[in-house]
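Below is a set of questions and answers on selected side chains, contacts and backbone features. Please keep the sequence and the coordinates at hand while reading.

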Number of protein chains: 2
Amino acid sequence: MSNSIANLVLGSDAKLSSSDNEVIFSATSSRVLKGEEIELVYEVADPERRLDTSAGKLPSLLDLVHQCHNHEPWLDTSLTPFVLDGVQIGFLPARVMKACIDDSVNQRRVGAPPVLRQVRFAMNHREIVPPTATSRVCEAITFTAEFGTPEARTSGLNGVAQRWREARIFPDPLDGWRGELYAIYGLNPQPGCRNPIAFKLERAACALFGFATFGVHLTAYTVSPTTGELKVWVPQRSSTKSTWPGYLDNSVAGGIVAGDLPMESMVRECEEEANLESSVVEKHVKQVGVLSYCYKTRKQGWIQPEVEYVYDLPLPAHVVLQPKDGEVDHFNLMTLDEIYEKMREGRFKANCVLVLLDFLIRHGHITADKEPGYRQIVTQLHVDLRLPGP
Amino acid sequence: MSNSIANLVLGSDAKLSSSDNEVIFSATSSRVLKGEEIELVYEVADPERRLDTSAGKLPSLLDLVHQCHNHEPWLDTSLTPFVLDGVQIGFLPARVMKACIDDSVNQRRVGAPPVLRQVRFAMNHREIVPPTATSRVCEAITFTAEFGTPEARTSGLNGVAQRWREARIFPDPLDGWRGELYAIYGLNPQPGCRNPIAFKLERAACALFGFATFGVHLTAYTVSPTTGELKVWVPQRSSTKSTWPGYLDNSVAGGIVAGDLPMESMVRECEEEANLESSVVEKHVKQVGVLSYCYKTRKQGWIQPEVEYVYDLPLPAHVVLQPKDGEVDHFNLMTLDEIYEKMREGRFKANCVLVLLDFLIRHGHITADKEPGYRQIVTQLHVDLRLPGP
């Protein structure tokens with residue numbers, strides 16, 4: 001096999017030299033090794049992550065999951081950890097890391113306190129009980145001592161992002177500046193206690209640092225008392241929205257407002273987006289799980305770990321969802337067949353599909369017996385992001 | 001810091017020499033590096049995996065999850081892959097790998113065809129779309145060419161296990177020989193199609209090879225039409241069972257019989273274990289998800305990746321579960337408070353707790369607002385095992 005083909009098949013990290021093989025095979029009995037040729041077997045595919053790319057086919061349900069969950073940041077050694085109080089809270093691509101260092105150098109030059117500083121970070125990989133820790137030390141970024149409170153960190157890091165915005169260093173995503181602050185969480189050193197908000201950051205800047213964002217997604221549905229048929233309330237997003245205009249969405253969805261418990265944000269969004277009275281919501285709503293995945297943006301490669309708390313809202317037939325705040329163009333009550341069709345046609349905002357798949361699985365409409373990708377879909381809706389949250 | 005403390009804190013792989021640091025820090029701007037001391041920060045804990053070990057406390061719900069999910073086999077480089085048709089299907093501890101090689105050498109010496117052979121395996125780590133593959137070549141084990149059919153593999157590998165059993169090489173687990181064959185799955189090269197049974201293996205031998213096992217677990221429950229109170233049918237296992245005698249269990253549970261779809265095994269177990277007629281089960285039962293985790297046995301360190309397909313069975317008050325085949329001593333209809341108490345007291349068979357936690361989450365009885373470990377519990381009930389299944 002030529003080197004170029006070996007690199008193509010194995011990646012440039014592949015170790016094929018004879019000295020490497022000796023090291024690799026030193027662990028076990030050498031009796032078979034010495035006299036015989038050891039065959040090299042190539043992994044054909046990862047059983048959990050295959051895409052059906054046959055020409056002309058509509059995407060499978062698993063393909064739809066991979067539209068959102070398309071990266072494993074903990075395995076991507078090109079990313080630099082953002083560390084706070086000894087815990088990783090974000091993933092920086094190399095050019096953001098460089099921009100952080102540059103900003104601190106510039107701040108010092110103009111006599112202002114630098115916001116960020118480089119550290120070495122001794123990571124305990126996947127601490128578990130009993131521990132299988134194999135630690136490594138890597139480069140990381142954190143706040144300087146001057147920025148030690150939530151207020152100081154908020155003003156400091158938003159200042160960094162604002163300087164980048166003005167210098168147009170990262171126009172994607174900073175040209176989409178919203179003036180809306182997202183909460184970034186630290187780790188409460190006391191196990192079993194709620195994590196504190198470490199600071200808040202402009203929503204458009206979160207992707208640069210690979211900070212996790214947290215949302216609430218609700219599926220409102222009706223069940224026919226006569227036929228048992230289930231229908232789901234599906235809004236079409238306003239054509240004037242800055243993101244995903246005109247796409248279909250979950251019944252109600254939004255970001256978790258800093259300081260809210262998830263349910264508080266959920267009830268408020270129901271009122272604001274779908275004109276549902278809080279008394280109706282609180283009577284029928286049920287939290288039913290939480291989804292997590294990691295999206296790497298296709299153009300710039302920004303890392304977006306996302307968490308969606310999911311809710312079911314079974315409604316009597318007389319309750320109707322209605323647009324209120326201009327985010328939604330109109331609501332439709334859709335059959336499950338319509339929903340499958342629109343999902344496969346790409347008519348839904350991508351991450352809303354995850355919530356619908358989870359809903360269809362929990363309600364027994366997607367089953368292991370009929371859907372070959374069942375187990376893969378379920379595990380990949382619940383990726384362990386290993387980042388602190390609310 | 002002394003070397004011994006460094007090893008304690010960082011593990012023996014930690015890289016602290018100055019030459020390593022130079023390499024580690026070469027990727028980004030060196031302007032800060034040259035003049036300044038770079039602080040070393042220690043990761044305090046993995047935010048997803050902390051145990052509350054305060055003295056005298058009952059375990060948290062997350063602790064209960066970690067009773068079952070206590071290992072990450074893909075991060076454990078001491079394990080050797082069992083490979084079939086280019087896909088990893090198992091994890092071998094070093095002494096099992098050595099015993100496999102020894103068996104092949106012995107077979108050849110007595111003129112019999114060796115069942116297993118060593119290969120090198122070029123792994124695509126976590127292939128995903130778009131790929132982040134960093135490949136590595138490692139030692140692995142697979143079948144010899146003579147054992148190329150499901151029948152030949154079944155007879156060959158059970159022969160290996162039988163020889164070990166007779167030689168008492170691995171009395172734990174082989175002294176627990178059951179005479180019951182479990183199905184081990186290969187990968188169907190056609191995406192979106194069901195995987196074939198690659199071979200079958202004595203149940204007690206599966207743990208030696210780290211093969212995944214597949215079960216079905218059902219929660220039968222009643223909801224009071226007047227108060228809405230939910231109660232769950234909980235069996236106590238017979239005191240004569242070889243595993244977990246006298247412990248509490250899920251309403252109905254069992255292994256998936258080779259060749260069955262999960263639902264077929266579930267309906268059969270309901271009839272055999274709880275005397276529930278298949279017509280009643282089929283009318284009310286709903287598949288609601290699948291759990292997956294990896295258990296490393298505490299004494300021997302065998303790797304047991306396990307998958308549990310989960311079902312809900314809401315029942316009218318007049319339907320009563322009754323012991324039938326001697327596996328169950330008696331059934332109780334328990335309140336949720338009783339269930340929490342018995343779970344925390346360790347009265348349940350460990351993996352049944354996972355099914356109950358998932359049930360309580362899906363039904364809105366454990367919520368993110370009240371349970372700080374909520375997100376960690378959900379992700380760790382759905383670990384991506386990356387092994388083919390039915």
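**Salt bridges, burial and backbone**

At 7% relative accessibility, D103(B) counts as buried, a value that, like every other one here, comes from a predicted model.

Q: Is R163(B) buried or partly exposed?
A: The cut-off for burial is under 20% relative accessible area, and exposure begins over 50%. Because R163(B) has a relative accessible area of 28%, this residue is classed as partly exposed.

Q: How many salt bridges does a search of the whole structure find over all chains?
A: Side chains of opposite charge can pair when their charged atoms come close. Counted over all chains, the salt bridges found in the whole structure number 20.

Q: What is the N to O distance in the salt bridge between D175(B) and R168(B)?
A: D175(B) is partly exposed at a relative accessible area of 49%, and R168(B) likewise counts as partly exposed at 49%. Their side chains meet in a salt bridge whose N to O distance is 2.3 Å.

Q: Where is E139(B), and which side chain does a polar contact join to it?
A: E139(B) is part of strand β5 (residues 135-143) of chain B, and a relative accessibility of 7% makes this residue buried. The polar contact made by its side chain spans 2.4 Å, and the side chain at the other end is that of Q118(B).

Q: How far apart in space are H217(B) and V252(B), C-alpha to C-alpha?
A: H217(B) lies in strand β8 (residues 213-223) of chain B and, at 5% relative accessibility, counts as buried. In sequence, H217(B) and V252(B) are 35 residues apart, whereas in space their C-alpha to C-alpha distance is 6.0 Å.

Q: What charge does the surface patch that includes E229(A) carry?
A: E229(A) is placed in the loop between β8 (213-223) and β9 (230-237) of chain A, where its relative accessible area of 39% makes it partly exposed. On the surface, E229(A) gathers with D337(A), E338(A), E341(A) and E345(A) in a patch whose charge is negative.

Q: Is the peptide bond from D172(B) to P173(B) cis or trans?
A: P173(B) is located in helix α7 (residues 171-174) of chain B. Omega of the bond that leads from D172(B) to P173(B) is near 20 degrees, and the bond is therefore described as cis.

Q: Is R386(B) buried or exposed?
A: R386(B), found in the segment after α13 (374-380) of chain B, has a phi near 55 degrees, a positive value in a residue other than glycine. Its relative accessibility is 2%, and R386(B) therefore counts as buried.

Technical notes:
Residues are numbered from 1 along each chain as its sequence is written. Chains are lettered from A and ligands numbered from 1 in the order in which they are written. This is a predicted model: local features need pLDDT of at least 70, side-chain atom pairs count only at pLDDT 80 or more; totals for chains, interfaces and linings use all residues. Side-chain values use heavy atoms; hydrogens and water are left out. Helices (H or I, at least four residues) and strands (E, at least two) are DSSP runs, numbered from the N terminus. Buried means under 20% relative accessible area, exposed over 50%, partly exposed in between (1.4 Å probe, protein chains only). A polar contact is a pair of N or O atoms within 3.5 Å; within protein, one must be able to donate a hydrogen and the other to accept it, and residues adjacent in sequence count only if both atoms are side-chain atoms. Patches are made of residues with over 30% relative accessible area and no salt bridge: like charges are joined within 9 Å, nonpolar side chains (Val, Leu, Ile, Met, Phe, Trp, Tyr) within 5 Å. Accessible areas come from the Shrake-Rupley method with a 1.4 Å probe; for residues, only the protein chains shown count as cover. A salt bridge is a side-chain nitrogen of Lys or Arg within 4 Å of a carboxyl oxygen of Asp or Glu. Lys and Arg count as positive and Asp and Glu as negative; His and the chain ends are not counted. The place of a charge is taken as NZ of Lys, CZ of Arg, CG of Asp or CD of Glu.
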